[in-house]
Structure formats: C-alpha cells, structure tokens
Amino acid sequence: QVDVESLVDVKNGIQAKRIFWDQQIYDLEIEQIFGKCWQFLTHDSLIPNPGDFTTGYMAEDEVIVTRQDDGSVKAFLNVCTHRGARLVAAEAGNARAFSCTYHGWSFGMDGALKVVPMEEELYRGSLDKSKFGLREIRVESYRGLYYGNFDAQAPSLNDYLGDVKFYLDIWMDINGGIELVGPPSRSLLNCNWKTPAENFVGDTYHVGWTHLASLMALGGELAAIGGNEAPPNEGLGMQVTSRFGHGFGVLWDAAPAVHAINSKAGTLYREWFASRKPKMVEKLGAKVGRIYGSHLNGTVFPNNSYLLGTNTFKLWVPRGPHQIEVFTWAIVEKEMPAELKNAVVSGMNSTFGSAGMLEADDSDNMETMTQNNRGRMTREGKLNSQLGLGFHKLDPDFPGVIGQSAIGETSYRGFYRAYKEIMGADNWKAILKLDPDAWKHELIGQ
Ligand code: UNU
Ligand code: FES
Ligand code: FE
C-alpha cells in the first residue's frame with residue numbers, strides 16, 4: 001500500500017527519493033499515471049499512407065498504430081486475441097493485414113479478425129470472429145502528434161495539453177509545422193523513467209555543468225555558460241508549468257546555440273531562424289514571438305520529452321522501476337530545405353542520439369540517481385526541488401505558471417504536483433471536479 005501523500009511535498013519542493021525505486025510505487029504509476037494519461041504514439045509524418053503502421057509501447061503494453069483507408073489513425077494492443085502471442089514483430093511498414101506467427105489468425109488494419117485458418121473445417125461455425133478483433137485503444141491527435149489513452153474517462157488530448165498548446169503552436173502550427181524523422185533509435189538506460197522526464201521538463205541548472213566538456217567541444221554560443229562561472233543574468237530565460245504537469249524551460253534566442261558557430265549545420269540553422277523569426281514576431285508580437293528561435297527543453301507529462309533547437313524528441317518507456325527504453329526521433333520543420341533537415345538530424349544524433357555526447361553526459365546521472373537506492377538508508381532520503389521556490393508569477397501574455405529565471409525548478413514542482421494529484425485520485429472525474437485554478441494557488445502558495 002503506497003502512501004501517495006508522503007511522496008511529494010508541493011509547498012516545500014520536496015519528493016521522497018523512493019519514487020525512483022520502489023516496486024509498489026511503480027506498480028501504482030502503471031495504474032494511475034500510465035493507465036490514465038495520454039502517451040505518445042507517433043506523428044503523421046511517420047505513417048503518411050493508408051496501410052502504414054508502426055509498433056511501440058504504452059508503458060509496458062505493446063501497441064500497433066495503423067493508418068486507415070479513410071486517413072484516420074487507430075491503435076491496438078499488439079497482441080493476438082487467440083493465444084496471446086505478439087502479433088507484429090516489425091517496427092514499421094505498410095501492410096494490408098497482420099497474420100499471427102503462432103496459428104495464422106489474420107487481422108485487418110482496422111483491427112477486425114478477418115481470416116482464421118481452416119475456420120469452417122475446424123471450428124464448424126462455432127467461432128464468432130466479430131468478438132475477437134484486436135483490443136482498440138483510444139487515440140487523439142494534436143498538430144499531427146498522436147497520443148493513446150487507456151482511460152475512456154480521460155479529458156480530451158486538447159484539454160489535457162491545456163496551457164502548453166499555446167507554446168506548442170509556436171513551433172508546431174505556424175508556417176508548415178513539424179515532422180518527426182524516424183525510425184527512432186532505441187537504447188536501454190538503467191534509470192527510473194522520471195529521472196529524464198524531470199530533467200527535460202525543467203533542468204537548465206545542469207546544462208553548464210554536466211555538459212561543460214560537450215558544449216566546449218561543440219563550439220556553439222552555449223559554451224559560454226559552460227562551467228557556471230557566473231549565474232546567468234535574469235533575462236536569459238524562464239520556465240513554464242501547467243495543470244497536468246507538462247512544462248518547459250526557455251533559453252532566449254539560443255535555439256541553435258549548441259551547434260558550432262562556423263559549421264555548415266550551425267550556419268544554415270542560424271540563417272533559418274533569422275529568416276523565419278520576423279514572421280513570428282509580426283504574428284505574435286515581440287514578447288511571445290521570441291519563443292521561436294529560443295532553445296526549449298520540455299516534457300509532455302508523463303514521459304514524452306523534447307528539445308527545440310537541439311531538436312530531439314524522446315519517449316522514456318518504463319521497463320520496471322529501474323530501467324527505461326529510450327526512443328529518439330529528430331524534429332525538423334516541414335518547410336526546411338532538405339540540406340538543413342539532414343544537418344538538423346545529424347546534429348541531433350551527435351548530441352542527443354543514443355550515442356550522442358550530451359545524451360551520454362546525462363545518462364550516468366540518471367542511472368546513479370536510480371541505482372544508489374539499492375541502499376536502504378539512501379532510499380529513505382529526500383529530493384530537493386526548491387530552486388526558485390517563491391519566485392513565480394502569472395503573466396497575462398504567458399499561460400501557465402511562470403518561473404522567472406532561466407535556471408529554476410518551477411516546472412519540476414509543477415510536474416510532481418500533477419504526479420501526486422493523478423497518483424492519488426480515484427479517477428479523472430475526481431480530478432476534473434477540482435477548481436481549475438487551484439493548482440496555480442497550490443504551486444505559488446497563495
Ligand atoms: O540537457 C539539456 N536539457 C539542454 C541541453 C538544455 C538546453 C541546451 C542544451
Ligand atoms: Fe544536483 Fe548533486 S548537485 S544532484
Ligand atoms: Fe542534459
């Protein structure tokens with residue numbers, strides 16, 4: 001039995017260290033978080049045509065996502081309804097039907113059970129095929145991104161994204177939108193899924209320290225913060241958090257600042273932002289339009305993270321409490337010329353791909369944060385996310401709760417506030433009954 005109340009102290013910015021370790025907490029997360037929240041599946045650009053499919057995971061459940069003849073997208077458990085073997089082994093492809101490797105039951109792209117070998121002769125009319133279609137999963141999309149949800153009562157994806165849609169639109173909706181470039185690289189890390197999710201939601205503190213050597217070697221402007229010789233000035237950035245835990249950090253005007261100043265990719269990328277930015281400013285005003293061309297690090301709760309500027313798109317798939325499988329795609333803007341798209345993809349791979357320099361920098365921290373909880377004294381400990389506590393504001397131009405500095409833990413606190421609420425709730429109805437502004441007061445403490 002998990003005492004959810006004891007896991008997170010919202011007011012004081014404290015979490016129990018055992019959230020990275022205990023099997024019972026993990027089991028409750030599978031029910032409460034992954035059983036109720038929207039989980040990333042795929043993007044339009046990865047399954048453009050009827051019959052296209054991709055396979056993946058919603059937490060530990062294996063899923064297939066298929067493009068229908070009418071252009072819509074459906075998702076199913078990737079599990080044969082006969083004796084339960086995995087249905088599709090391929091990672092992606094185009095198909096008219098899926099046949100199980102075990103006895104050959106075959107399903108259409110719409111999930112219906114179509115063909116049962118020797119059905120007449122063996123079942124003699126006794127099998128009701130209409131009752132053995134694939135188990136369908138609720139799917140909704142936002143700006144070409146598809147997410148799945150196991151809970152019919154969950155709010156729409158639109159309502160779930162809430163305040164962060166405003167910010168996602170700045171890079172997903174204006175101009176031609178984005179594409180994800182696959183197939184995703186996949187790698188195993190021996191860490192709890194929340195260690196990278198919280199890092200991407202709000203950790204700019206580590207950038208100049210953990211990534212010192214990589215930033216210097218890469219030779220972009222961000223090398224200037226390497227070593228943390230002085231705190232960044234107040235104007236360097238901000239953090240944002242929202243009701244259901246989604247959040248991000250901003251480094252103003254620093255989108256391409258990881259990439260070498262005089263490299264071909266760096267030059268193309270800087271020119272791209274310089275040419276597109278004026279349109280954004282015209283549309284959104286100077287204050288909001290500045291988000292475009294800034295470096296963003298964010299997480300869509302619970303386990304879907306992204307970096308804009310470094311253009312990595314991540315899914316941290318849990319594999320028990322102490323391991324994840326990382327899926328990494330690259331983000332490109334649709335209207336970028338092919339040469340720039342290629343440069344962005346290769347820049348992403350050298351920074352945040354499976355063998356990327358910054359990915360490797362982070363991995364050791366994620367793994368020790370998890371594995372040192374083998375120690376019984378260690379896991380009795382606490383985690384501190386008090387940076388910038390009390391230094392929040394509401395801003396009429398920026399939805400959500402704003403942390404007023406580039407380096408702070410406002411979006412950590414927002415992430416864990418939502419985590420606690422969803423972990424402890426009987427169902428979505430109970431969560432949605434709450435005053436829709438109560439979360440802000442809880443975070444800001446007034
Ligand atoms: O590691 C990160 N989250 C990061 C790296 C953030 C901004 C720039 C580079
Ligand atoms: Fe942050 Fe040690 S200084 S985990
Ligand atoms: Fe990092």
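Author: Start with a term: donors are N, O and S atoms within 2.8 Å of the metal (3.2 Å for Na, K and Ca), and sites may look incomplete, since water is not among the atoms. This is a predicted model, in which local features need pLDDT of at least 70, side-chain atom pairs count only at pLDDT 80 or more, and totals for chains, interfaces and linings use all residues. Residues are numbered from 1 along each chain as its sequence is written, chains are lettered from A and ligands numbered from 1 in the order written, and side-chain values use heavy atoms, without hydrogens or water.

Our part is the site of the iron ion (ligand 3). His206 and His211 each hold this ion through NE2. Along the sequence, the donor residues follow the spacing H-x4-H-x150-D.

Take His211 and Asp362. They link distant parts of the chain, 151 residues apart. His211 sits in the loop between helix 6 (207-210) and helix 7 (212-218). Asp362 belongs to helix 10 (residues 357-371). Helices (H or I, at least four residues) and strands (E, at least two) are DSSP runs, numbered from the N terminus.

With four residues, helix 10 gives the most to the lining of the largest pocket. A pocket is found on a 1 Å grid over the protein atoms alone: an open set of points with protein on both sides within 12 Å along at least five of seven lines, where lining residues have an atom within 4 Å of a point. The largest pocket holds about 330 Å³ of space; a volume is the space filled by probe spheres set on the points, which are joined across faces, edges and corners. It has 19 lining residues. Glu198, Asp203, Met369, Glu409 and Tyr412 are the closest to its centre. Helix 5 (194-202), helix 10 and strand 20 (382-384) each give two or more residues to this lining.

Technical notes:
On a 1 Å grid over the protein atoms alone, a cavity is a set of points where a 1.4 Å probe fits but cannot get out, and a pocket is an open set with protein on both sides within 12 Å along at least five of seven lines; lining residues have an atom within 4 Å of a point.
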